[in-house]
Amino acid sequence: MWDGILTGLTTAVMPFNLLMVVVGCFAGTFIGMLPGLGPISAVALMIPITYGLDPASGIILMAGVYYGAVFGGSTSSILINAPGCASTVVTAFDGYPMAQQNKAGKALALAAYSSFTGGTIGAIILLFAAPALASVSLSFQSGDYFALMLLGLTAVAAFSGKGQVIKALLMTVFGLMIATVGTDITSGTTRFTFGSVDLIDGVSFLLLAMATFALTEVVMTVMRGQHNEQEPEMDMAALGSMKLSREEVKEVAPTIGRSSVFGFIVGVLPGAGATIASFLAYGLERNLASAKEKLKFGKGALRGLAAPESANNAASTGSFVPLLTLGIPGSGTTAIMLGALIAYGIQPGPRLFMDNPDVFWSVIISMYIGNLVLLILNLPLIPYISRLLAIPRPILIPLILFFSITGVYLVSFNTFDIQMMVLITVIAIFLKLLEFPMAPMLLGFILGGIMEKNLGRALTMTDGSFSFLWDRPLTLTITLIAVFVLLFPLLSAMIGKARTRGAEVAVNEGEG
Amino acid sequence: MLSKMISRRRSTLMATALVACLGTGVAQAAVDSVHFLIPGGAGGGWDGTARGTGEALSKSGLVETVSYENLSGGGGGKAIAHLIEIADQSHDTLMVNSTPIVIRSLSKMFPQSFRDLTPVAATVGDFGAFVVKSDSPYTSFNQLADAYLENPRSVTVVGGSARGSMDHLVAAMAFKAAGGDPRRVKYLAYDAGGKAMAGLLSGEADVLSTGFSEALVLAEAGEVRILAMTGHERSSAAPDVPTLKELGYDTSFVNWRGFFGAPGLPQSKRDEFIAVLEKMYDTPEWKVVRDRNGWAEDFRPGDEFVSFLEQQEEEIGALMRELGFLK
């Protein structure tokens with residue numbers, strides 16, 4: 001193994017490959033920053049270039065573009081509430097409120113540190129445990145994914161503020177409902193398409209996220225602007241300090257640590273991926289937070305930003321486990337990379353690290369280098385990138401509109417998607433004016449779709465019996481954790497009530 | 001000033017990205033130009049077929065200008081409707097498609113069928129394949145078929161497309177040829193082949209129904225074995241894999257990929273397309289593209305293509321009716 005690592009190291013630090021990492025990270029960051037254009041588009045754009053390179057350099061370039069795009073996506077989430085890609089939607093939940101509180105610099109810096117740590121921890125686990133982890137990723141059956149998504153749905157509490165529980169639940173159900181539009185693969189029938197060919201493929205997550213976040217935000221800003229004549233000019237002060245205080249570092253360090261490990265594990269599962277990882281990590285963090293801290297989530301909590309940012313980068317690294325060790329792509333992006341590897345005549349699989357040790361190890365080593373490059377590249381650029389906010393609104397708003405809409409259009413090339421975006425934006429504005437939260441809807445949508453497919457398969461396997469929930473220890477364990485997480489606030493509130501009958505109880509109740 | 005610079009930098013980059021995404025612009029000047037209409041998004045199977053064919057045609061100099069247009073939606077129905085709508089201005093257009101156009105027009109996912117277009121030629125083909133884990137107790141398709149005959153619910157099939165779509169139909173077709181009831185196939189649907197493969201390896205299914213070329217890639221990785229494929233004869237790419245026919249099951253299936261012109265395409269134009277595609281097979285540029293993608297050549301030009309489509313429609317239609325997907 002050490003021979004392999006050494007081979008990988010020498011390949012990865014060759015000047016040309018180092019250049020590829022830098023170029024990849026840079027290109028990826030910029031493409032990722034454009035709202036809607038995510039890692040898939042970024043990696044796909046690189047394919048023609050990689051044909052001219054040798055396999056190790058080509059895959060290093062694509063991997064660099066991949067992390068770069070995931071990283072860059074967080075920038076537009078934080079600054080303009082327009083997620084650069086699906087896996088950075090959650091980043092906007094707490095990152096954008098921070099930017100609004102004139103803490104954009106701190107948010108971007110924290111995102112950079114979290115991404116760096118997530119990616120690096122992921123790469124370390126990958127280095128030492130890739131072959132062993134391959135078997136873990138294969139132990140998950142449909143029933144287990146169903147239980148895992150159930151666990152994810154308990155995070156809905158994380159997205160509901162004070163007195164908002166009913167509204168959050170309603171929006172989750174709304175999200176679940178939207179997820180049922182289109183072809184149901186379990187039965188092969190189409191649902192809620194109203195005879196329209198455009199709805200057969202269902203609604204895309206990115207479209208929904210862009211419409212409910214970027215477009216809604218922009219229109220709301222314009223509407224608000226009419227009432228508020230004196231607009232405070234954004235200046236360098238808006239950037240705020242980039243430095244994190246000692247207390248803040250202490251606060252987020254454990255979050256980043258556990259979100260990285262957790263995100264990596266979720267990323268290893270072929271049926272989950274970086275987007276799911278970011279949602280689950282955010283929910284996990286909210287569930288672990290104390291009652292007082294819970295209130296801050298969604299309003300610019302440092303932990304709420306650090307969790308998804310560490311998790312999505314760790315998960316991107318984790319998704320290389322099934323790709324490299326089994327030849328199974330867990331996401332659209334890794335599927336494109338698999339195609340590129342095969343075009344080189346390299347077959348990813350259990351024999352890859354024996355047959356092509358230079359490719360296997362140099363990719364992993366280049367992940368460290370890539371993460372380092374991203375950090376070095378991005379930290380000094382933060383003051384300049386965040387100057388985006390200083391662009392006068394009459395210019396910035398049409399730009400956001402333009403990039404958001406073209407970003408979604410470039411995925412499908414279907415003009416119907418633009419009409420649907422407008423329709424969803426109108427609905428979202430009404431819901432927002434009535435103070436319904438948008439995040440639970442996205443959670444319901446993304447988890448609901450996966451949950452239903454897995455439930456369908458699990459039920460087909462058992463001929464319609466729910467016994468799959470307790471037949472396998474793994475499924476049972478995840479289900480029990482989900483039930484526990486769901487009931488825990490209730491139990492702890494009851495215990496707390498029994499113990500102390502003081503003024504604090506009232507506070508706890510109000511927050512529950 | 002600084003902000004101006006940044007915004008300009010962003011726009012330039014965006015423009016570059018846009019140009020790269022959209023491919024070269026629409027050009028319809030010369031006679032020797034082909035405009036590929038792709039009914040799916042970037043990175044899919046149709047996209048790869050059109051861009052690969054276009055690459056071979058333009059690099060070999062057979063076609064002067066090649067352009068591409070992606071238009072997804074409705075499982076390809078959106079692009080078909082679009083091509084019919086602007087048929088008169090689309091004599092340079094070739095729309096890529098494959099077996100799903102037959103299945104989806106039968107299931108009325110979209111109202112049109114291949115008859116509403118001008119079939120030009122099928123260019124490459126793939127077969128169905130049945131794959132099991134390396135440590136599976138099944139070592140031949142005969143054992144699997146016998147187990148199915150004994151108790152259909154004891155055999156779980158997994159595939160990378162919806163129930164009633166290709167992977168499911170191919171499995172039902174094979175078990176029917178073995179004398180079993182095709183309606184009782186226990187089928188677990190995934191939305192992509194790679195995820196279905198993970199499902200097979202997780203032990204939740206006995207056999208994976210997938211495309212032969214994809215199966216070859218998976219078998220190469222050493223985790224699975226291919227029990228059988230649905231071609232007429234063994235493939236030179238994997239001469240050890242038997243066909244269903246030689247195992248005693250009289251059935252075959254080919255998933256073709258090919259091109260369609262607009263309805264009312266003049267005969268001369270259609271012949272021109274066919275001639276150009278036929279010439280393409282001899283060019284070194286095509287061989288590079290073909291080998292890179294692992295495609296198997298399967299040329300069926302013009303009327304041969306039409307009668308093949310009619311036959312496939314009849315076979316698949318009968319099966320779908322039997323399975324209850326058609327009334």
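Which handedness does the crossing of α1(A) and α18(A) have? The crossing is right-handed. A crossing counts as right-handed if the near helix is turned clockwise from the far one by less than a right angle, and left-handed if anticlockwise.

This is a predicted model: local features need pLDDT of at least 70, side-chain atom pairs count only at pLDDT 80 or more, and totals for chains, interfaces and linings use all residues. Residues are numbered from 1 along each chain as its sequence is written, while chains are lettered from A and ligands numbered from 1 in the order in which they are written. Helices (H or I, at least four residues) and strands (E, at least two) are DSSP runs, numbered from the N terminus.

**Helix packing in chain A**

- Helix α1 (residues 2-12) and helix α18 (residues 357-378) of chain A pack at about 65°, with axes 7 Å apart. Axes are lines fitted to C-alpha atoms, for helices over the stretch in contact, and angles run from 0 to 180 degrees between N-to-C directions.
- From α1(A), the residues making this contact include A:Gly4, A:Ile5 and A:Leu9. From α18(A), they include A:Trp361, A:Ile365 and A:Ile369. Two residues are in contact if their C-beta atoms, placed from the backbone, lie within 7 Å.
- By class, this contact has eight nonpolar, six polar and one charged residues. Ala, Val, Leu, Ile, Met, Phe, Trp, Tyr, Cys and Pro count as nonpolar, Asp, Glu, Lys and Arg as charged, and the others, Gly among them, as polar.
- Helix α11 (residues 246-268) and helix α12 (residues 274-288) of chain A cross at roughly 140°, and their axes come within 9 Å. This crossing is right-handed.
- In α11(A), A:Phe262, A:Gly263 and A:Val266 are among the residues that meet α12(A). Their partners in α12(A) include A:Ala277, A:Leu280 and A:Leu284. The contact has eight nonpolar, four polar and one charged residues.

**A buried serine in chain A**

- A:Ser57 is found in helix α4 (residues 55-80) of chain A.
- Why is A:Ser57 classed as buried? A:Ser57 is buried because 23 other C-beta atoms lie within 10 Å. A residue is buried if 20 or more other C-beta atoms lie within 10 Å of its own, exposed if 12 or fewer, and partly exposed in between; C-beta atoms are placed from the backbone.
- Leaving aside neighbours within four places in sequence, A:Ser57 is in contact with A:Phe16, A:Asn17 and A:Met20.
- A:Pro437 is 380 residues from A:Ser57 along the chain, and their C-alpha atoms are separated by 45 Å.

**Strand β4 and its partners in chain B**

- Strand β4 (residues 118-133) of chain B is mostly covered, with 15 of its 16 residues buried.
- Strand β9 (residues 254-261) of chain B runs antiparallel to β4(B), and eight bridges join the two. Two strands pair if DSSP finds at least two bridges between them. Here B:Val124 has B:Arg257 as its bridge partner.
- β4(B) also pairs with strand β10 (residues 296-301) of chain B, in the antiparallel sense, over four bridges. B:Arg300 in β10(B) is the bridge partner of B:Ala122.
- Strand β7 (residues 207-211) of chain B is antiparallel to β4(B), with four bridges between them. B:Val131 is bridged to B:Leu208 in β7(B).
- Five bridges link β4(B) with strand β8 (residues 224-229) of chain B in the antiparallel sense. B:Ala228 in β8(B) stands opposite B:Phe130.

**Helix α3 of chain B**

- Its buried residues are B:Gly77, B:Lys78, B:Ala79, B:Ile80 and B:Leu83.
- Strands β1 (33-38) and β3 (93-98) of chain B are included in what covers these buried residues of α3(B).

**Where chain B meets chain A**

- How many residues of chain B are in contact with chain A? The contact joins 48 residues of chain B and 54 residues of chain A.
- α1(B) gives the most to the side of chain B that touches chain A, with nine residues.
- That side of chain B has 21 nonpolar, 17 polar and ten charged residues.

**Domains of chain B**

- Chain B is divided into domain 1 (2-126 + 255-322) and domain 2 (127-229). Domain bounds come from an automatic or database domain assignment.
- Ten residues from domain 1 and eleven from domain 2 of chain B make the contact.
- α11(B) gives the most to the domain 1 side that touches domain 2 of chain B, with three residues.
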